[in-house]
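Please open the structure in a viewer and keep the selection panel at hand. The stops below are arranged as a tour, each with something to select.

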Amino acid sequence: MAELTENLDFRRYFTREPVIVALLCVGAAVGFAAVGALSSMYHTQQQSLAVYWFNKGNADLAQHRFERAAQEFHVALLYSRDSYDFRLNLAEALVGLGRIDEASTYFNNLWERQPENGLVNLELARIAARNKNIEQALRYYHNAIYGVWPPEKETMRRQTRLELIDYLLGINAKRQAQSELIALAATLGNEPAQRLRLGDLFLRVQDYQDALSAYRAALRADPGNAAALAGAGQASFELARYSQAARYLRAALAQSPENTSLAALLKTAELVLQMDPFRRGVSLAERNRIVIRAFQTAGDRLQTCMPATGLTQPTAAERNLPDTWEKIKPRITDRGLRRDPSLVETAMDLVFDIERQTSVTCGAPAGTDMALLLIAKLHEGS
Amino acid sequence: MKGVEVRPPTPSTTATGQQEQSTHSSAAARRSARTLLRSMFQEDRFFLLLSVFIGVFSGLAVVCFRFAIDWCRIYILGSGVGLSPTRLVLAPALTGLFVAILVKRFFPGARGSGVNQTKAALYIYNGYIPVRTAVGKFITSSLAIGAGHSLGPEDPSLQIGASLASALGRYTRLSRERMRLIAPVGAAAGLAAAFNAPISAVLFVIEEVIGRWSAGVLGSVVLSSVASAVVMRWFLGSEALFRVPTVHMEHPWELIAYAILGIVGGLASVVFARGISTLRLRFRSLPKQTQIWQPAFAGALIGFIALFGAPQVMGAGYEYIDEAMHGQFTWQFLAILAGLKIVATILSFVSGTPGGMFAPTLFIGAMLGASVGGAEHSLLPFFGGSPGTYALVGMGVLFAGFLRVPMTSVFMVLEVSGNYSIILPVIVANTLAYVISRGLQPTPIFDLLTRQDGLELPSMEDLREEESLHVEDAMRPPDDLVLPHGATVAQALQQLTEKSLTAVLVPLQPYGWTSIDKHTLANLAEEGQGAVEVTSVLNSGPIPCLHPDHPLDKALPYFDRWDLVPVVSRAGLTQLEGVISPRDVLDEYRSLPVESE
């Protein structure tokens, strides 16, 4: 009897619970398979919706329809909420909409995920620059320059440095801009356009020698490049290489004769060349003629400037320019200069003094006065 | 359990002997297998095993539920932008009407959130929740939430889990005791999968459904929660519900800012709870034929709110919680969103639309938190917390203030954020919100809803705070109730007579106590043993001692054998702290105030 009971008991244990567990296992397996199939459908649909709305957003972003683009990126994020690209594009759309604070939050979050991302750093730099946070802007610009860019956007690294240079020039940090330009020059190829841009930037930071080198490099690749010729002319002019400047400027004007500023610069360079009595190879007669003309020009400038200023009441350290000019004037003739060659220097010193003084008190001169002032600078300390 | 009998082999081994031996070893193997199976399938162990399956099935159901909600949203409201105003208003309204018809005709048990139904299963229906309820909840909640009703998927997931567990329990013919516990096990699994937060799910079920920590059910609840969370992550990934930004607290005095958030959150919780309790009664008091139109009315109003610039209030709104955490809204707009979400959720819930209140609570909390944080930051810029930190704390605040689950509220924030550095702000803010909410709204929302439904379920808040009586509350000082060492029968009898006592305690050597009553002593004296020491005539062993901190009900079984039980110090068994008798226990219970209905 006991054995029978035990057997029944055994059968019960061996049949009921293990069978239940086995059935539950089968049920779970079937459930997993079914939900797996549903899950696959679900994820495929979510993915395709995400891509659909992302593409729509990109199309709108490209056409600067920022409001729609932002909405579409928002929707795309509903279906693929962790997508880095979706967030990035949404943030860019928000920037386009001028919702900088929101965009900034997105960029900051993206930065936390990928602090090395070049584009995110660039956008954060722009936001910091807009918020006048110079320190942060410079940090993000540098992060962007040395960050990671996708291969097809490698040129963005250079663009970012150029943008940084523009920013530095905008805040008048010319020394830092010059350093960045030198670093940029090392990464540039010999394409005329790039060299030309480099030359322009060197010109802006007043690094005329490097600017001239950059323009010359551009001209080597494209000798007739009008912009490079103009830039080289301008750089040469600033370096006080007036004959070189005139040569470049003439060539530039030959290609773009309507450029009045270049024409004015060429005229000044030519005047400098014409009005410099100390240049090599000038005959005595020519030199005297130049000195007489320069003296007269300076006297006229003094006459024009005198009523408006206090030039008649010089300080103790200064000489009275009008009086001195009047005193010397009778001697500044061809004969006088031939008789006393030292008068050339005396007259020209007075001319330079007048031009310097009047440029301070009456503003920048023009034409021959400008040329004389430049000649004065050219011979300063000699 | 019997041991396995093994006989030694006989020297003469015959064929019969071999057969016998083989029969015996076969019997032994069967016995061992039986023992193993018995041990494996003892009900408590089987219950644990079943909990894992409950978790798996609940996880699968909740994953499908999530898919269903998303598909409903896509097909009812569209997959993206550019919804026409007509559709925005009509979609939730017409879906509300359809859902109401389904609930009224086919799934009457699917109304409401699901938490109370699970509690009712535990306390009233012996763990029984019909499968139809789960099916109804699944269909109607998916439609309602997908169509933009301001409700969440967590409470329905909880009920779906509980219902599945109940079905499994019935199928496996569990005992009544286990059946009662199985609903909370399934509830935890459903909630863990819905929240992707198993710890919070376990705590919520312990705190709000079961009401007390019970070792018998804790293991099952944990196993089912973990299993369902694993299933959910298998199919939907392990990401939390929200992308939580870096949260931090820069300086301790920022706690003041979070305290303000706690106060605001506490007040908002009261407004939210009162709104629901008052309007639900009003809606219910309307003529019966209007009930079918109420969800449609609520849906239309929510559609209008969306139409007039706040589509964020539609549905569960997790994506907007995410955005609030990342500072995508101004603090003024966040405050408006919090207010509108309160209105939308009240409308959806009181209209009887099936769906949960967890997600709206989190939404309101996040918006309110980020809003308060933003306002504080703009007024007092030295408060430096990020919007994400305030939104996270805000979620916990509403959880503590509205749902009144303080423990869960703290752990939910920690689990969701995965960051323990905000524990101080969370505790401060949640405690304030909880205290304010309790002060202004003494009855928690779940209890209010239960009473409105005509049920009387135990209040978990009351259970948590119920004062239990201890032995020390009822015991008396020993004074004259102890016989001096070496006392004779006559002396003992005299002591009992003089003091009008029925029994005294007798100290034993080297330690321990026993008791002797007046009747026994009188008999001994009559037998002429008056001069004999009491200890030498005792024929009973020592009485098991109680300690002052023992629960008072622990004393009750002792009184069947002893009238007087010694209460000794835990520091030394010879140190008598007091004595306790049945009358002392009764007097103590009589002194308690009786709760009026």
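Which residue ranges does the domain assignment of chain A give? Domain 1 of chain A covers residues 47-225, and domain 2 of chain A covers residues 284-378. Please note from the outset that this is a predicted model.

**First stop: chain A as a whole**

Chain A contains 18 helices and zero strands. Its radius of gyration is 39 Å, well over the 21 Å that the globule rule gives for 382 residues, so chain A is more spread out than a compact globule. Along the principal axes, the C-alpha trace of chain A spans about 155 × 45 × 40 Å. Next, colour the ranges 47-225 and 284-378 of chain A separately, as domain 1 and domain 2. Between the C-alpha centres of these two domains of chain A lie 53 Å.

**Second stop: a pair of helices in chain A**

Select residues 192-204 of chain A, which form helix 9, together with residues 226-238 of chain A, which form helix 11. The axes of this pair are 10 Å apart, and the helices pack at an angle of about 30 degrees. Angles under 35 degrees count as roughly parallel, and helix 9 and helix 11 of chain A are therefore roughly parallel to each other. Helix 9 of chain A passes helix 11 of chain A in a left-handed crossing.

Now show the side chains at this contact. From helix 9 of chain A, select A:Pro192, A:Leu196, A:Gly199, A:Asp200 and A:Leu203. These meet A:Ala227, A:Ala228, A:Gly231, A:Gln234 and A:Ala235 in helix 11 of chain A. The residues of this contact comprise six nonpolar, three polar and one charged.

Display both chains. How many residues does each chain bring to the contact? Chain B supplies 26 residues and chain A supplies 24 residues. On the side of chain B that touches chain A, the elements giving two or more residues are helix 1 (15-40) and helix 2 (43-77) of chain B. Helix 2 of chain B gives the most, with nine residues. By class, this side of chain B has 14 nonpolar, seven polar and five charged residues.

Terms used. Residues numbered from 1 in each chain as written. Chains lettered and ligands numbered in written order. Predicted model: local features only at pLDDT ≥ 70, side-chain atom pairs only at ≥ 80, totals over all residues. Axes fitted to C-alpha atoms, helices over the stretch in contact; angles between N-to-C directions. Helix = DSSP H or I, 4+ residues; strand = E, 2+ residues; numbered from the N terminus. Parallel < 35°, antiparallel > 145°, perpendicular 65-115°, else oblique. Left-handed = near helix turned anticlockwise from the far one by under 90°. Contact = placed C-beta atoms within 7 Å. Nonpolar A, V, L, I, M, F, W, Y, C, P; charged D, E, K, R; others polar. Rg over C-alpha atoms; globule rule 2.2 N^0.38 Å. Domains from an automatic or database assignment.
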